[in-house]
Amino acid sequence: MSDKITNVLFLCTGNSARSIMAEALMDRLGGGRFKGYSAGSHPTGQVNVHALALLQSHSFDTGFAASKSWDEFASPGAPVMDFVITVCSDAAAKTCPVWPGHPSSAHWGIPDPADAAGSEDEIRVAFQNAFDRLAKAIANFRKIPLSAMDADQLAAMLADIGRRI
């Protein structure tokens, strides 16, 4: 069994909620085999306060959380990514980042809880729903026997996870 850590970059437009939660979840659920990262095509520059509160309520250390550009991961010296997963939900209405030429990529459309309106309870529910869907997807992802699959098989498995969440 390989000791290699698999790097996974979660991309979204603002890098303020979904991709931040996915980064935290990958680090926790990855069991030391996976390292999560996150970025955005048009980062807001700050992490959504509801995302931070939700992570803290689940005992996550949020010291890692920062809204940053995906350009940071295309720069020399950046960590080499094994997988790139976009988590934006509505590519027709928003600019969804693309990682050109990366063979192991997928799209997991999760509605943006930062767009939720209503009472504080309704907003919290939107964030919890996004968190739960991401947790389910990441739990399924980490079960894939990565070393036993070729790039096409991996792409199919990742796409299937995206369809089922």
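## Aromatic pairs and one cluster

Two rings of Phe, Tyr or Trp (taking the six-membered ring of Trp) count as a pair if their centres lie within 6.5 Å. With that in hand, let's look at this predicted model. By this rule there are six aromatic pairs. Phe-10, Phe-34, Phe-83, Trp-108 and Phe-141 come together as one aromatic cluster.

## Two pairs that share Phe-141

Start with Phe-83 and Phe-141. Their ring centres are 5.1 Å apart and the planes stand at 90°, an edge-to-face pair. Phe-83 sits in strand 3 (residues 83-86) and Phe-141 in helix 3 (residues 120-141), so this pair links distant parts of the chain, 58 residues apart.

Trp-108 belongs to the loop between strand 4 (105-107) and helix 3, while Phe-141 is in helix 3, so the pair ties together parts that are 33 residues apart in sequence. Trp-108 is buried as well, at 0% relative accessibility.

## Helix 3 against helix 4

Phe-141 turns up again where helix 3 meets helix 4. The axes of helix 3 and helix 4 (residues 151-164) come within 10 Å and cross at roughly 155°. Helix 3 is therefore roughly antiparallel to helix 4, because angles over 145 degrees are classed that way. The crossing of these two helices is right-handed.

Which residues of helix 3 and helix 4 meet? Helix 3 brings Lys-136, Ala-137, Asn-140 and Phe-141, and helix 4 brings Leu-158, Ile-161 and Arg-164. By class, the contact of helix 3 with helix 4 holds four nonpolar residues, one polar and two charged.

## Helix 1 against helix 2

Now for another helix pair. Helix 1 (residues 18-29) packs with helix 2 (residues 49-57) at an angle of about 20°, and their axes are 9 Å apart. That makes helix 1 roughly parallel to helix 2, because the angle is under 35 degrees. Helix 1 and helix 2 have a right-handed crossing.

On the helix 1 side, Ile-20, Met-21 and Ala-24 make the contact, and on the helix 2 side Ala-51, Leu-54 and Leu-55 do. The contact of helix 1 with helix 2 has six nonpolar residues, with no polar and no charged ones.

Key: Residues are numbered from 1 along each chain as its sequence is written. This is a predicted model: local features need pLDDT of at least 70, side-chain atom pairs count only at pLDDT 80 or more; totals for chains, interfaces and linings use all residues. Side-chain values use heavy atoms; hydrogens and water are left out. Axes are lines fitted to C-alpha atoms, for helices over the stretch in contact, and angles run from 0 to 180 degrees between N-to-C directions. Helices (H or I, at least four residues) and strands (E, at least two) are DSSP runs, numbered from the N terminus. Angles under 35 degrees count as roughly parallel, over 145 as roughly antiparallel, 65 to 115 as roughly perpendicular and the rest as oblique. A crossing is left-handed if the near helix is turned anticlockwise from the far one by less than a right angle, and right-handed if clockwise. Contact means heavy atoms within 4.5 Å. Ala, Val, Leu, Ile, Met, Phe, Trp, Tyr, Cys and Pro count as nonpolar, Asp, Glu, Lys and Arg as charged, and the others, Gly among them, as polar. Rings of Phe, Tyr and Trp (its six-membered ring) pair if their centres lie within 6.5 Å; planes under 30 degrees apart count as stacked, over 60 as edge-to-face and the rest as tilted. Buried means under 20% relative accessible area, exposed over 50%, partly exposed in between (1.4 Å probe, protein chains only).
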